[in-house]
Amino acid sequence: ALPITLIPIDSYSVHMNPRNGSQNGDEIRRLRKENLGISGRAFARRVGITSQSLSNIELGNKAVGLETLIAIARELGVTVDKIIREGDAAVPKGVAA
């Protein structure tokens with residue numbers, strides 16, 4: 001049997017790495033504009049983060065805590081899976097994400 005490691009939810013983060021991080025961030029930006037039609041500053045306020053943090057997330061420069069990712073998905077009206085899968089779809093086949 002494989003060992004199971006439990007990670008406290010408040011310390012878990014989704015690292016937006018250079019290969020797929022910007023695609024995930026692009027997906028967040030696309031959904032923000034299409035679903036809500038609001039500025040990054042207004043969206044950041046709704047999520048409870050700074051506009052600079054949102055900018056870094058959308059650019060793929062910042063790891064996103066699970067709670068923040070859930071808050072982003074909730075505000076966008078989508079699942080976390082949608083953000084991650086849609087972003088990962090932009091990674092070409094054969095390239096490790």
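**Ground rules.** I note that this is a predicted model, in which local features need pLDDT of at least 70 and side-chain atom pairs count only at pLDDT 80 or more, while totals for chains, interfaces and linings use all residues. Residues are numbered from 1 along each chain as its sequence is written, and side-chain values use heavy atoms, with hydrogens and water left out.

**Overall layout.** I found 5 helices and 2 strands in the protein chain, where helices are DSSP runs of H or I with at least four residues and strands are runs of E with at least two, numbered from the N terminus. Read from the N terminus on, the elements run β-α-α-α-β-α-α. The accessible surface of the chain comes to about 6,100 Å², and 52% of this belongs to carbon and sulfur atoms; the areas come from the Shrake-Rupley method with a 1.4 Å probe, and for residues only the protein chains shown count as cover. Of the 97 residues in the protein chain, 33% are buried, a term I use for under 20% relative accessible area, with exposed for over 50% and partly exposed for what lies in between (1.4 Å probe, protein chains only). I also looked at contacts, meaning heavy atoms within 4.5 Å: among those between residues at least 6 apart in sequence, 68% join residues at least 24 apart.

**Helix H3 and Glu 58.** Which residues of H3 are buried? In this helix, residues 51-59, I list Ser 53, Leu 54, Ile 57 and Glu 58 as buried. Seen down the axis of H3, these buried residues fall within an arc of 135°, so they line one face of the helix; the arc is taken over the directions from the helix axis to the C-beta atoms. I then took Glu 58 by itself and found a relative accessible area of 5%, which means that Glu 58 counts as buried. Leaving aside its neighbours within four places in sequence, Glu 58 is in contact with Ser 22, Gly 25, Asp 26, Ile 28, Arg 29 and Arg 32. Ser 22, for its part, is partly exposed, with a relative accessible area of 26%. I also looked up Ser 22 against Leu 59, and the two are 37 residues apart in sequence but 5.2 Å apart in space, C-alpha to C-alpha.

**After H3.** H3 is followed by Gly 60, whose phi is positive, near 80°. Ala 63 sits in the loop between H3 and strand S2 (64-65) and is partly exposed at 31% relative accessible area. From Ala 63 to Ser 53, 10 residues apart in sequence, the C-alpha to C-alpha separation is 9.7 Å.

**H2 against H4.** At what angle do H2 and H4 pack? Helix H2 (residues 40-47) and helix H4 (residues 66-76) pack at about 115°, with their axes 9 Å apart; the axes are lines fitted to C-alpha atoms, for helices over the stretch in contact, and angles run from 0 to 180 degrees between N-to-C directions. On the H2 side I find Phe 43, Arg 46 and Val 47, which meet Thr 68, Ala 71, Ile 72, Glu 75 and Leu 76 in H4. Sorted by class, this contact has 5 nonpolar, 1 polar and 2 charged residues, where Ala, Val, Leu, Ile, Met, Phe, Trp, Tyr, Cys and Pro count as nonpolar, Asp, Glu, Lys and Arg as charged, and the others, Gly among them, as polar. The buried residues in H2 include Phe 43 and Val 47, and those in H4 include Ala 71, Ile 72 and Leu 76.

Is Ile 72 buried or exposed? Ile 72 is buried, with a relative accessible area of 0%. Not counting residues up to four places away in sequence, Ile 72 touches Ile 28, Phe 43, Val 47, Ile 57 and Ile 83. Its C-alpha atom is separated by 8.7 Å from that of Ala 44, 28 residues away along the chain. The C-alpha atoms of Ile 72 and Gly 48 are separated by 9.2 Å. Gly 48, which follows H2 with a positive phi near 95°, counts as exposed at 62% relative accessibility. Just after H4, Gly 77 takes a positive phi of about 75°.
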